[in-house]
Amino acid sequence: VANTINYGSFGTSADIDCGAGKSLNVGGSNNTLRVSGACATVSVGGADNKITLERVDGELSVVGLNNTITYRHGEPDVNDAGSGNRITAG
């Protein structure tokens with residue numbers, strides 16, 4: 001899918017750019033991700049990820065475990081179906 005960024009590594013740090021409305025799908029574990037741009041939707045399915053999002057406009061869905069997710073802008077519909085996740089606006 002051209003408008004979706006899939007990230008599925010383990011134990012890495014990365015800068016990702018959602019540009020103007022791409023979706024982001026994160027798998028894998030123990031990653032530190034800094035996401036710029038305005039993500040349309042974000043889905044996190046891994047464990048122990050630390051993700052900082054510049055903006056989420058649509059849905060922020062987390063089904064993984066023990067993820068720490070911060071979004072700076074936007075008012076996403078947050079769906080935390082996982083366990084031990086911390087999702088904050090900041």
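## Basis of the description

The model is predicted; local features need pLDDT of at least 70, and side-chain atom pairs count only at pLDDT 80 or more, while totals for chains, interfaces and linings use all residues. Residues are numbered from 1 along each chain as its sequence is written, and side-chain values use heavy atoms, with hydrogens and water left out.

## The parallel sheet

An open sheet is built from five strands, ordered β1-β3-β5-β7-β9, with parallel pairing. Strands are DSSP runs of E with at least two residues, numbered from the N terminus, and two strands count as paired if DSSP finds at least two bridges between them. β1 (4-7) and β9 (77-80) stand at the edges with a single partner strand each, so one side of each has no neighbour in the sheet. On average, neighbouring strands of this sheet are turned by 10° against each other, direction ignored; the axes are lines fitted to C-alpha atoms, and angles between N-to-C directions run from 0 to 180 degrees.

Within the sheet, β5 and β7 (residues 59-62) run parallel and are joined by three bridges. V44 stands opposite V62 in β7.

## The nonpolar core

The largest nonpolar core has 18 residues. Such a core is a set of buried Ala, Val, Leu, Ile, Met, Phe, Trp, Tyr and Cys residues joined through side-chain atoms within 4.5 Å. Those with the most contacts inside this core are L24, L33, V35, V42, I51, L53 and L60. At least two residues of the core come from each of β2, β3 (23-26), β4, β5, β6, β7 and β8 (68-73). In soluble globular proteins, nonpolar side chains tend to be buried together.

Contact here means heavy atoms within 4.5 Å. Neighbours within four places in sequence aside, L24 is in contact with I5, I16, C18, V35, C39, T41, V42, S43 and L53.

## Salt bridges

The structure holds two salt bridges, defined as a side-chain nitrogen of Lys or Arg within 4 Å of a carboxyl oxygen of Asp or Glu. In one, the closest N and O atoms of D15 and R34 are 2.7 Å apart. D15 lies in strand β2 and R34 in strand β4 (residues 32-39), so this pair ties together parts 19 residues apart in sequence. D15 counts as exposed at 59% relative accessibility, and R34 as partly exposed at 39%. Buried means under 20% relative accessible area, exposed over 50%, and partly exposed in between (1.4 Å probe, protein chains only).

A salt bridge also links the side chains of D57 and R55, at 2.6 Å from N to O. D57 is partly exposed, at 43% relative accessible area, and R55 is likewise partly exposed, at 34%.

## Two buried residues

N49 lies in the loop between β5 (42-44) and β6 (50-56), and is buried with a relative accessible area of 0%. A polar atom of the N49 side chain lies 3.2 Å from the backbone oxygen of G28. Apart from neighbours within four places in sequence, N49 is in contact with residues including V26, G27, G28, V44 and N66.

A14 lies in strand β2 (residues 13-20) and is buried, with a relative accessible area of 14%. Its contacts beyond four places in sequence are Y7, T32, L33 and R34. A14 and N31 are 17 residues apart in sequence, with their C-alpha atoms 7.9 Å apart in space.

Conventions: Helix = DSSP H or I, 4+ residues; strand = E, 2+ residues; numbered from the N terminus. Polar contact = N/O pair within 3.5 Å; in protein donor to acceptor, adjacent residues only side chain to side chain.
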